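Please keep the sequence and the structure in view while reading.

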Amino acid sequence: MSDAAVESRDAIENLLSEDRTFDPPASFVERANVADPKVWETAAADPEAYWAAWARELEWSRPFTQGLDWSDAPFARWFADGQLNASVNCLDRHVERGLGQRVAFHWQGEDGERRSVTYAQLLEEVSRCANALRELGVQRGDRVAIYMPMVVELPVAMLACARIGAAHSVVFGGFSSQALADRIVDASAKVVITADGGYRRGKVVELKAATDEAVRMAATDGQQVESVLCYRRLQGHDTPWTDGRDHWWHEIVGRQQAECAPEAMDSEDLLFLLYTSGTTAKPKGIMHTTGGYLTGAHATANMVFDLKDDDVYWCAADIGWVTGHSYIVYGPLSNGVTSVIYEGAPDWPDKDRLWSIVAEYGVSIFYTAPTAIRAFIKWGDEHPARHDLSSLRLLGSVGEPINPEAWMWYHERIGAERCPIVDTWWQTETGHIMVSPLPGLTRTKPGSATQALPGIEVSVVDEQGEPVGRGHGGYLTIDRPWPGMARGIWGNPERFVETYWSQVPGRYFVGDGAKIDEDGYLWVLGRVDDVMNVSGHRLSTTEVESALVEHPAIAEAAVVGRSHELTGECVVAYVVLEGHHEASDELIGELNAHVSERIGKFARPHMVLFTPEVPKTRSGKIMRRLLRDIAEGRELGDTTTLQDPTVVDALAEQVRSRG
Ligand code: PRX
């Protein structure tokens, strides 16, 4: 078992037993979308039929007759003989049933600009953008990279790709040029959609300049980007431009027809790639296809968020991560609900920004990450208290384990003890929520994601794949195929098999440790591999290490995650200096800048510790558990087997002295 797994098991043993429980309020139960307590049983009796029923809620241009095809396991196929178009299901379907005038997105820029876009307007804009992409030579089967701020044109661009059968690869705007270039090259994207910039904490984020740099880097790596489509978000801004290659959105999209015939896509055609960090330095292009993914996103948005016609729903994630793909774009739109998109930082211009938005639009469902909740707690109760939050009826959490204190604060201060909380566990690879309360049925426990959704089966097992039994910790696995499951890693099917399907016999290996308690409640305890979770952003230790060793002053680097009261985890780097270089604050600044450039600002080390050597096992493996213990300031176990125990003592002293 890996060091991290042992640690996770320790964490399980140390978990306080949480015995507070909360029943859904009667008023919520009365109107709940899923109200039949037998739903889990019914779905378990025939999961394929259960998912097929959800799939039939979508519009298929050619209805499917097949359910799951697992003959090429672990590469699943769902509804494989059916055809559909994701943009039709998110837009045309609602306009055709008379909902064209319903607002799809209330958008608010960080600078206070406001826009509300109806389903009919969104359909027109998507059609125009799709026509523009065709004019730029994008064809069915191509990949298009998207690097945009949180503006309405981001979902427009994604749906426009879907409309013409091109796969999108959205790259979070916080990633660096280098990270964007790596993703352009890996996916062989010929077109990039971006914006001149966006606003973050009152400052302009120069996305076009970063895109230009990425396009240049991609070219030296053999990938020629032919066109850059650039949305104008800023006023009076001097935007770097390459004639012939670059096109302003308002010009090329603006002059297109407002209709665009959708491509009939096979259920198993690629809908999108989304890159995520694994245990190596190279990010994985997770593949999601059309029919199964959309079914899963549609069904789970409906059952977990209990979406209704009169709801105003707000998932405050960034569309650049999977949460935004499934629960800002595909899930809510396929349910025809009205959503909110906010461009900027939660504390700009003040720490009550999100609550002022809830009050302004009458938000009824709010979905965010524990890291944000912990920040709200720190900022003080007066910020939510200043606003009328009585429109809220359901709250959600995602991205990392939510500590019971944060859960209780959310329940009391935001939900006024009236709103069920859905703690939703899932991953980029699962495509949609897998473990979560159903808000009209589940008795919740603060800190527990409760149980697998209907039609999903999970277990907690040991290395041999044997269930560990209630009350014991082990590996979280998923036991049968589900519609939104990843169909592979782009260009690397072997890595897909090896990472997810080889660790535990016969089951999907999640990479998280978990425990099912005596009452059958699931507790997710964090990663058991070398993946960190910083503010809900997934980051690999090796990715940061390889960025650090690229710096000329660094001979060797070892990176671990350490717990952090706000961000969940933070990055701690142990570095060995090259030759004559000397440790200094200036060098730490340089290393931070280097990691920002290579990956993105969010990956910068929180603490850099200089060491003459990195503690390793006899076989040369970095002793990450020991490094984590040092970083956490924990009592160190027996260090006498180390070649030079004084190294470890000196590091522990450095941590102590830095607090
Ligand atoms: O460790 C789990 C954690 O986030 C990982 C997935 O990260 P990513 O693919 O970036 O997707 C994040 C948004 C779905 C998981 O392996 N995680 C996610 N949700 C939870 C969670 N850990 C505990 N509780 C959750 N609700």
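## Strand β18 and its sheet

In this predicted model, Thr368 stands opposite Ser397 in β19. That pairing belongs to a set of four bridges that join β18 to β19, and the two strands run parallel. β18 also pairs with β16, again in the parallel sense, over three bridges. Here Tyr313 stands opposite Ile365 in β18.

In a regular strand the side chains alternate between the two faces of the sheet. β18 is covered on both of its faces: Ile365 and Tyr367 lie on one side, Phe366 and Thr368 lie on the other, and all of these residues are buried.

β16, β18 and β19 are part of an open sheet of seven strands, whose order is β5-β4-β17-β16-β18-β19-β20 and whose pairing is mixed. Which strands stand at the edges? They are β5 (residues 114-118) and β20 (residues 421-424); each has a single partner strand, so one side of each is left without a neighbour in the sheet. On average, neighbouring strands of this sheet are turned by 20 degrees against each other, direction ignored.

Two packed helices are described by the angle between their axes and the distance between the axes. For α4 (residues 47-55) and α11, the axes come within 9 Å and cross at roughly 90 degrees. The two helices are therefore roughly perpendicular to each other. On the α4 side, the residues involved are Tyr50, Trp51, Trp54 and Ala55; in α11 they meet Thr295, His298, Ala299, Asn302 and Met303.

## Charged pairs

Side chains of opposite charge can pair when their charged atoms come close. The structure holds 47 salt bridges.

| Glu113 | Arg233 | 3.0 Å |

Glu113 and Arg233 form a salt bridge. The pair links distant parts of the chain, 120 residues apart: Glu113 is in the loop between β4 and β5, and Arg233 is in the loop between β11 and β12. Glu113 is partly exposed, with a relative accessible area of 34%, whereas Arg233 counts as buried at 4%.

Is Arg255 buried or exposed? Arg255 is exposed, at a relative accessible area of 54%, while Glu135 counts as partly exposed at 44%.

Asp306 lies in the loop between α11 and β16, and Arg393 lies in the loop between α15 and β19, 87 residues apart. Asp306 is buried, with a relative accessible area of 1%, and Arg393 counts as buried at 17%. Elsewhere, salt bridges that share partners join Asp111, Glu113, Arg233 and Glu343 into one network.

## Nonpolar cores

The largest nonpolar core has 117 residues, and the members that touch the most others are Leu133, Ile146, Trp249, Phe305 and Tyr330. Helix α7 (residues 153-164) supplies the largest share of this core, nine residues.

What does Tyr330 contact, leaving aside its neighbours within four places in sequence? The contacts of Tyr330 include Ala86, Cys90, Met158, Leu159, Ala162 and His168, and also Tyr293, Leu294 and Ala297.

A second, separate core has 41 residues, including Ala218, Val225, Val544 and Val575.

Key. Residues numbered from 1 in each chain as written. Predicted model: local features only at pLDDT ≥ 70, side-chain atom pairs only at ≥ 80, totals over all residues. Heavy atoms only, no water. Pairing = 2+ DSSP bridges. Axes fitted to C-alpha atoms, helices over the stretch in contact; angles between N-to-C directions. Salt bridge = Lys/Arg side-chain N within 4 Å of Asp/Glu carboxyl O. Buried < 20%, exposed > 50% of the residue type's maximum accessible area, 1.4 Å probe, protein only. Core = buried A, V, L, I, M, F, W, Y, C linked by side-chain atoms within 4.5 Å. Contact = heavy atoms within 4.5 Å. Parallel < 35°, antiparallel > 145°, perpendicular 65-115°, else oblique.
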